[in-house]
Amino acid sequence: QHRRKVPWSLVCGLMLFGLGLVSLFTGHVASDLEWYSQRLVKRSLFYSRLEGRRREAIDIWKSKYSNLFYGCSERGRNFPPAVRERASNGYLLIAASGGLNQQRTGITDAVVVARILNATLVVPELDHHSYWKDDSDFVNIFDVDWFISYLAKDVTIVKRVPDKVMRSMEKPPYTMRVPRKSPPEYYLDQVLPILLRRRAVQLTKFDYRLASNLDEELQKLRCRANYHALRFTKPIQEIGERLVKKMQKMAKRYIAIHLRFEPDMLAFSGCYFGGGEKERFELGEIRKRWATLPDLSPDGERERGKCPLTPHEVGLMLRALGFANDTYLYVASGEIYGGEETLRPLRELFPNFYTKEMLAIKELKSFFPFSSRMAAIDYIVCDESDVFVTNNNGNMAKILAGRRRYAGHKRTIRPNAKKLSALFKARDRMDWDTFAKKVKASQRGFMGEPDEVRPGRGDFHEYPSCICEKPFTDDENRKGEDLLSDRIHMNLKENVDSKYVGENQGDKSLQRLKKRSIEEPISFKREQGH
């Protein structure tokens, strides 16, 4: 049999079709490769820029890159408005604890928890019984009307539970304490069922009771509450601004130091500060107040970087970093252990030494009985300083560090106590230039630069995620062109998935409860703690 010949036209057609497919495929691959290569170049440029930051000399007064960052806590388009009081799941009462800044974390998180529970928030109650013994209420420290109105689109807030509602309740508000760093799921599973049943729940000792990592919109709400809604009362704000102006009138720029060196704080730390047997006895007696504290090795705690710097050590660190003898200091502190004798070395290193009492003794008389109001004044002056320095890692240090990052990464110096302790110990065995060089090397990564903490690390209140970065521009080669096409969000959470993203938290929780109640009855534990 003769084979049938294949027409050349068909062969040519098939060949052209094949070439077309190859061309199409290679074209897609080429475009994909180009797209990925562009992304890789942009990303490498970004990280090389960050790496370059770490190697270059640091301006001790201001970060070179601070103007590239800004707070971005605006409400998202898909973030539903606040539920009205009558339609809410009930009333959430909060009893904050600790000093002013510890209570500030509780107030901020209370706003977010109310949103998660779809509850009406009652203006938080402040702690009157802690070490600080301040009987100030919320209205004495914060502008309560501004607080309520600013957050009105996010959470409904009332000054008190209406009398009509209180009379209609069979039992008083249920009182409970939630674990520290609890995620939203805990509040939905453990608190919401009781809130629905009792109509009012009070959460006690409320500080750091909400997880750091949350949905982005809830993190933004945290920032709106902390950095915008919590505004001090007019008397506090006025005297704080007056002190700021006095410092700025004396000097073009000034450093504010938050100096925690109170006897109880030192005793609690378990550290030794060179005061001999007298110090060991006095701090040992104070330490007996806490029966559950473990026995600690003072040397071990210092080597681990757990001890606050002494006033003298703070002064040495600042001089080694390059701050001159004529720099003006504003020192925010409580009772200093050892009094003026302890402060003398710092005063000698920096003679231009001021406190709020030195600047406005008469104006402060009405504030003296109230430690939280005094702390609020210090907060204002420290926040407005050109450089903020702390000798500890306490609540005010964390809260102010977070606020200053949100305000554009204003210079904030926290000591690298672990490395510095070894340098202070060996200081007599090296000349000043060597000591200063080693201090500068030790403090890299502790100067408040924008790239010091990797995304997902650190406590939210100290490292807020609602910070955005403007696009870089290369002034030398591509002036005016963006090296990064989109804003780089400094999102300090490690892609935390949430079941409740973009939804009204309370509505979602109600759906879950209804579904579960159909499948199986909800069993409530016996209620205690009225």
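Buried, as the word is used in these legends, means under 20% relative accessible area. The structure shown is a predicted model.

**Figure 1. Overview of the chain in the predicted model, with its 19 helices and 15 strands.** Of the 530 residues in the chain, buried residues make up 50%. Among the contacts in the chain with a separation of 6 or more, 79% are accounted for by residues 24 or more positions apart. The disulfides of the chain, counted as pairs of cysteine sulfur atoms within 2.5 Å, come to three. When the bonded cysteines are numbered in sequence order, their pairing reads 1-6, 2-5, 3-4.

**Figure 2. Close-up of the disulfide that joins Cys 72 to Cys 468.** The S to S distance in this pair is 2.0 Å, and the link of Cys 72 and Cys 468 is right-handed, with 85° about the S-S bond. Distant parts of the chain are linked here, since Cys 72 sits in the loop between strand S1 (69–71) and strand S2 (91–94), whereas Cys 468 belongs to strand S12 (residues 467–469), the two cysteines being 396 residues apart. Cys 72 and Cys 468 are both buried.

**Figure 3. Close-up of the disulfide formed by Cys 223 and Cys 466.** In the predicted model, the sulfur atoms of Cys 223 and Cys 466 are 1.7 Å apart. The disulfide of Cys 223 and Cys 466 is left-handed, because the torsion about its S-S bond is about -80°. This pair, too, links distant parts of the chain, with Cys 223 in helix H7 (residues 216–229) and Cys 466 in the loop between helix H18 (432–442) and S12, 243 residues apart. Cys 223 has a relative accessible area of 0% and is therefore buried, and Cys 466, at 3% relative accessibility, also counts as buried.

**Figure 4. Close-up of the disulfide that joins Cys 271 to Cys 307.** The sulfur atoms of Cys 271 and Cys 307 lie 2.0 Å from each other, and with -95° about the S-S bond the link of Cys 271 and Cys 307 is left-handed. Cys 271 is placed in the loop between helix H9 (263–269) and helix H10 (276–287), and Cys 307 in the loop between helix H11 (298–303) and helix H12 (311–321), so the pair ties together parts that are 36 residues apart in sequence. With a relative accessible area of 7%, Cys 271 is buried, as is Cys 307, for which the relative accessible area is 6%.

**Figure 5. Close-up of the packing of helix H15 (residues 371–383) with helix H16 (residues 395–406).** The two helices pack at an angle of about 40°, and their axes are 11 Å apart. That angle makes H15 oblique to H16, and H15 passes H16 in a right-handed crossing. From H15, the residues that take part are Asp 378, Tyr 379, Cys 382 and Asp 383, which meet Met 396, Ile 399, Leu 400, Arg 403 and Arg 404 in H16. Sorted by class, the contact of H15 with H16 has five nonpolar and four charged residues, and no polar ones. Within this view, Cys 382 counts as buried, because its relative accessibility is 0%.

Conventions:
Residues numbered from 1 in each chain as written. Predicted model: local features only at pLDDT ≥ 70, side-chain atom pairs only at ≥ 80, totals over all residues. Heavy atoms only, no water. Axes fitted to C-alpha atoms, helices over the stretch in contact; angles between N-to-C directions. Helix = DSSP H or I, 4+ residues; strand = E, 2+ residues; numbered from the N terminus. Parallel < 35°, antiparallel > 145°, perpendicular 65-115°, else oblique. Left-handed = near helix turned anticlockwise from the far one by under 90°. Contact = heavy atoms within 4.5 Å. Nonpolar A, V, L, I, M, F, W, Y, C, P; charged D, E, K, R; others polar. Buried < 20%, exposed > 50% of the residue type's maximum accessible area, 1.4 Å probe, protein only.
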